[in-house]
Every structure is written in C-alpha cells, then in structure tokens.
Amino acid sequence: MAPLSTLLLVRLPRAMLRSSVHHNQVLLSNSNARLMAAAYSSTPSPSKVVYGSWDKLPKIVQDYIVEKTAIVQPDNIHICDGSEQEKKQLLAEMVQLGEIKKLTSPRFKNCWLACTDPRDVARVESKTVIATDCKEDTIPTPKAGITGTLGQWMSPSQLDTELESRMPGAMKGRTMYVIPFGMGPTGGSISKYGIELTDSRYVVCSMGIMTRISPKVLDLIGKNNEFVKCLHSVGCPLPLQKPLVRNWPCDPEKVLVSHIPAKNEIISYGSGYGGNSLLGKKCFALRIGSTIGRREGWLAEHMLILGITNPQGVKKYIAAAFPSACGKTNLAMMDPSLPGWKVECVGDDIAWLKFDSKGKLHAINPENGFFGVAPGTSQQTNPNALAACMSNTVFTNVAETGDGGVYWEGMGETPVEPVTSWLNQPWTKDSGKPSAHPNSRFCAPAAQCPTIDPDWEKEDGVPIDAIVFGGRRPKGVPLVYEAFNWQHGVFIGSAMRSEATAAAEHKGKEIMHDPFAMRPFFGYNFGKYLDHWLSMDQSGRDMPKIFHVNWFRKGSDGKFMWPGFGDNSRVLEWIFNRTEKSGSSNSQNSRNSAIGILPTAKSINVNGLDEFKDPANLEKCFEIDQGFWKEEVTAIRKYFDEQVSKDLPQEINSQLDQLSDRVSKM
C-alpha cells in the first residue's frame with residue numbers, strides 16, 4: 001500500500017527518492033517511485049498545454065499540476081481564463097459530444113440543458129469523507145453501539161488505498177482543465193482562492209458561473225503563496241471500458257469525495273454532479289472553509305444573506321441557515337408583500353462571517369452564482385429566481401419542452417408539448433412520475449437576479465444584525481421566536497431538526513437532526529464547532545441577535561398555517577424591529593416563553609391576510625404545547641448523548657437543562 005504522501009505526491013526532497021527507506025516505512029513500489037521521480041524531474045510537455053500559458057502560472061500552481069498530472073495522466077492540459085471565448089468553445093464541444101443541449105426557445109437566451117446518468121443526481125453523503133490522523137478531530141465519538149451521523153471519517157491510510165484504486169490514469173485520453181477560481185470578491189479581506197483540476201467541461205462551465213475564474217486569481221495565489229487544492233475526475237478514462245449512460249461520464253459505483261483539512265485539499269472521483277464536482281461549493285466553501293475559519297477565527301456557514309430596508313429607508317442585513325430545499329433561495333430573493341419594504345439578495349446558500357476590528361460581524365457570499373433547486377420555483381414562489389435563470393444558465397435534470405424550453409414540477413405553467421422528461425422519455429401530466437428530478441438544478445449568475453444587493457460584492461462584506469435558523473417542522477415549533485442571548489442562540493442552532501430533502505440521497509419525509517443546517521457539511525468535530533461558535537461572544541463585540549423561524553407548521557387540516565413566500569416579510573419586519581438598539585416598540589413587541597422570546601399578539605402585521613382576520617388563527621402559529629416540547633427536549637438530549645457525547649460543550653448541555661426546566665414549569 002502506498003502512503004498518502006506517495007499517492008498525492010506531496011513535495012518531498014528529491015533525496016528521499018534515492019535514500020533507503022526506514023524499516024517501519026512502507027516501501028515504494030517501482031511504479032510509484034518512477035511517478036514521483038517523474039514529477040520532480042520534469043514539467044508537463046509544452047505540447048500538452050493546448051490552451052493558456054504554462055509560464056504565467058505561479059510556481060506553487062505549476063508544482064501542484066505536475067504532482068497530479070503524474071498520477072491522473074491526462075493527454076492535454078487546458079489552463080482556464082474564464083473568458084467568453086473559452087466558454088463558447090467548451091459548450092460547443094459538449095454539444096458535439098451530446099453532453100449538453102442548447103435551448104432553442106427565445107425565452108431562454110444562451111441557456112443549456114444537461115441530463116445526467118440517473119445514478120449521479122445528488123450529493124452522496126455516505127461517500128463523502130474527511131481524512132485526519134485523529135478521528136476525533138473530524139467527528140464526535142458517538143455513544144457505544146451508535147452509528148455516528150455527524151460526518152464520515154477516513155484514516156489517511158485507508159484514503160490512500162481508496163484513492164490508489166481510483167485516481168491513477170483517471171484522466172487518460174482526456175484533457176485536464178486547470179481552473180483558477182476565487183471564493184468571494186477578488187481581492188477581498190475575507191476571500192480565498194483555489195485551483196481545481198478537472199476532466200469535465202461541465203464542471204468548467206458551471207464553475208465559471210458559481211465562482212470567479214480569472215487570471216487575477218493566479219496573481220493573488222502567487223502573492224499569498226497559498227491556495228486550496230481541488231482535484232476532480234469523472235473516472236472515465238478513454239477509451240471507455242463501458243458505454244456511458246446519457247453521454248454523461250461518471251463512475252457511480254466508486255464515487256468518493258474526500259477532504260484533507262491539514263493540507264487544504266479536496267479530491268473527488270466518480271461523480272459529475274454539482275455538489276460532488278463543483279469543488280468550490282460545499283467542499284471548499286463549507287467543509288474546508290470551516291476548518292480554515294476555525295484556525296483564523298471566522299465562520300463558514302450554510303446561510304443566505306439578505307438586506308432588508310424598511311419604509312423609512314433604514315437597512316439591515318440578515319444571515320439565515322436552512323437545510324437545502326427548505327426555502328433559502330425563496331427567502332433570499334423575496335418580493336415582500338408588505339408595502340414600502342424591500343428585500344435584496346447578497347447570497348442564497350453560503351456565508352463567510354467575520355468580525356471586523358470594531359467588533360461588528362460582516363459577511364460575504366463566497367459564491368458568484370445560484371445553484372438552485374428547480375422544482376417549486378415559479379412566478380408565484382420566486383419570480384426573481386425565475387428571472388435570474390432566463391439567460392446564461394445551465395439547467396440540469398429538468399424536462400425539455402416542445403418549443404425548446406424547460407419545465408419542472410411546480411413551475412406554475414402549462415408546458416408546450418411534446419415534453420421530454422429528464423430521463424429522455426415522453427412525458428405528460430398522466431405519466432405517473434415527475435418530468436424533472438426532484439433535485440434538478442439551475443446554475444445562474446447571481447448578477448442576473450433583479451433584486452441583487454448593490455453591496456453583494458463589497459470586499460469587506462455587509463454588516464450582520466440578525467442570524468436566523470429554520471427548517472421544515474410540521475408540528476409544534478412556532479412561526480418565529482428569539483433567543484434569550486448568544487449562548488441560547490447557539491443552542492437553538494445546535495438543536496435544529498427538519499424534514500429530509502432531495503438534495504442528498506435520503507428519501508421520504510423523515511424528521512432529521514440538522515444542527516445549523518450543517519450536518520452534511522461540518523469540516524471538523526461538531527463539539528469543537530460549537531465551542532468555536534460560543535467563542536465568538538467576546539467583550540467589545542456587537543453580537544447579532546439570533547432567531548428561529550418555521551414557515552412549514554401545519555394545522556389539524558394538514559394545510560400550512562402560514563402563507564409563506566412574500567408574506568414572510570411580515571416575520572422579517574418583527575426581526576428587524578427586534579434588532580433596534582432602543583425604542584418603545586422594541587420593548588412592547590415581545591413576550592417571554594419557555595422556549596424563547598415570542599412576538600406579542602399585534603406585533604406581526606397581518607393586514608390584508610384574510611385567514612388571520614380572527615386573531616385566534618394567528619395565535620395558533622405561536623402555540624407552544626408542553627407535551628410536544630417535553631418530547632423535543634427528550635429527543636435533543638438523546639441526540640446529544642448518542643451523537644456528541646463527551647464532545648458536547650458544557651454550556652450547550654446547560655442550555656438544554658434550562659429549556660427542560662422552563663418547559664416543566666409551563
């Protein structure tokens with residue numbers, strides 16, 4: 001077995017290749033020794049670089065490419081520059097290969113449709129791992145006999161074995177695309193940079209939307225002498241060993257998405273799907289990002305960022321965490337129903353948050369685009385998202401209409417027939433199965449959103465006044481409540497539960513624990529993550545208030561009790577007012593409860609909502625049932641005991657005890 005340093009070709013002194021190996025080291029095979037020697041004695045042949053300039057790459061980037069090229073063995077190297085010319089070339093090549101189709105409807109300008117192998121449609125949490133020397137650095141130690149659910153750890157030696165069976169020769173016959181990309185405004189104080197090496201044109205085009213690909217990134221990498229290393233292969237070297245399904249290259253039986261925090265490195269194999277292949281997204285922005293944030297004193301979170309302005313022109317910014325497909329994008333791009341209010345979008349999925357020198361929390365959206373769930377997006381639910389994806393967008397796994405457009409469930413339109421489903425089958429409303437995959441996506445430039453915030457690319461980020469947690473809770477959890485203090489707010493985030501979504505491989509409507517909406521994305525031990533959040537509360541800092549919302553509570557008739565969508569602005573108004581530093585309205589619009597601070601009866605503006613003409617109907621949205629919350633306390637305690645165990649901070653355990661005591665006295 002080759003050690004990790006061999007397989008990944010970490011820069012070792014050349015002398016090590018000539019020296020004898022100590023008795024307790026694994027001997028390098030002749031083939032691996034030759035690979036390492038080749039990596040350190042040569043650079044890629046100039047004939048291999050078919051696009052871009054090798055000489056303009058920083059030395060550390062050249063070294064990285066040399067290391068990986070020796071392993072994956074591409075035929076050609078293409079150094080991306082993010083230009084329109086490059087994008088057109090790659091899209092034309094994909095069309096020729098049948099990997100993508102250009103939409104011909106005049107409604108969709110410069111838009112494209114990709115349909116994947118049906119086995120490659122979502123993030124694969126069970127095959128997403130983090131490799132550290134010490135298991136407890138990655139995941140908490142669960143209770144004896146319990147399977148941990150807060151991440152997947154793999155030992156470095158096991159990762160060596162797994163990668164050794166996948167990566168050598170993975171790009172044979174293909175082109176390696178070198179993507180220099182920025183996360184956050186280029187040159188910003190919170191921004192970070194990466195290099196992704198991939199053999200997928202789809203990845204290049206999608207990363208061109210989701211991140212900032214530019215030669216300027218190479219300049220910053222050279223200046224900073226650091227970057228996050230991202231290696232991705234679809235796992236289909238040429239000539240093919242077996243035919244592709246839907247002309248979509250992947251190796252679904254051997255998918256592996258691995259993270260090595262100590263080296264700021266990501267290696268992904270076998271999947272072409274967004275979350276597994278666009279390595280700037282969850283892999284970098286959250287898993288590796290959170291480990292960098294812990295070292296540097298900031299937070300990388302699964303959060304939207306929005307700006308909200310009241311009729312008097314006062315503006316505040318809110319960061320909010322929801323699990324995938326639970327309304328993040330809808331909230332970030334909301335058209336408020338309240339007259340005179342305005343909501344603008346900074347980001348819909350990921351936030352990096354850092355306190356400035358004056359103690360104010362600021363946040364950036366590290367992404368450059370939207371990778372939104374298509375089903376349910378309509379003119380009614382999210383007109384701004386729909387407008388954003390009408391041009392320059394890559395759609396994945398939606399249906400194609402007879403006029404060369406796209407369609408999905410919940411679009412609120414009658415599609416032009418004939419309709420071809422994402423499975424390339426004729427589809428009608430009577431087909432008995434959806435036309436689009438439940439996790440089908442649109443990948444659209446953020447700048448195209450009609451409500452994009454004017455400061456969305458501000459280098460130092462926007463100031464955050466409130467943090468909101470939420471999820472799908474059909475029973476028991478009120479529409480909105482506020483934490484008593486920062487520590488209580490961290491507890492609320494740690495105790496989040498929500499229905500599972502289609503964004504991962506889980507099925508059905510199971511209520512799952514999803515702390516901070518980060519359960520699939522923690523880059524290190526959740527107990528240490530909680531410690532990190534608690535450590536944010538420091539003297540001299542202006543700590544944002546923390547809230548919890550639940551748009552999805554249902555009544556006895558099985559229908560949603562709250563109208564949602566644009567009417568969620570009515571809840572944001574209360575949150576906005578609660579963040580005021582002073583004023584009589586702030587002291588008169590709240591009441592304490594066992595679980596947190598609730599709005600008073602008249603502090604939620606329901607003017608124009610017929611269903612709340614009877615005040616009792618609104619009050620039902622805030623009912624707190626003692627029996628339900630006793631069960632909730634029990635479920636949370638069981639989860640902490642089984643999943644976090646000795647790694648749970650004492651402060652979080654104390655907050656749970658305090659909640660239990662308050663509920664028992666209701």
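Buried here means under 20% relative accessible area, against over 50% for exposed and in between for partly exposed, with a 1.4 Å probe and protein chains only. Strands are DSSP runs of E, at least two residues long, and helices are runs of H or I of at least four, both numbered from the N terminus.

The model is predicted: local features need pLDDT of at least 70 and side-chain atom pairs 80 or more, while totals for chains, interfaces and linings use all residues. Residues are numbered from 1 along each chain as its sequence is written, and side-chain values use heavy atoms, without hydrogens and water.

I checked both faces of E10: Val228, Cys230 and His232 are buried on one side, and Lys229, Leu231 and Ser233 on the other.

Next I looked up the partners of E10, where pairing requires at least two DSSP bridges between the strands. Strand E8 (residues 192–198) runs parallel to E10 over five bridges, and I found glutamate 196 opposite cysteine 230. Strand E12 (residues 265–269) is also parallel to E10, again over five bridges; there, isoleucine 267 is the bridge partner of leucine 231.

I then turned to an open sheet of five strands, ordered E3-E4-E20-E25-E19 with mixed pairing. E3 (101–102) and E19 (369–373) are its edge strands with a single partner each, so one side of each has no neighbour in the sheet. Strands E20 (residues 394–396) and E25 (residues 441–445) pair antiparallel over three bridges, and threonine 396 stands opposite arginine 441.
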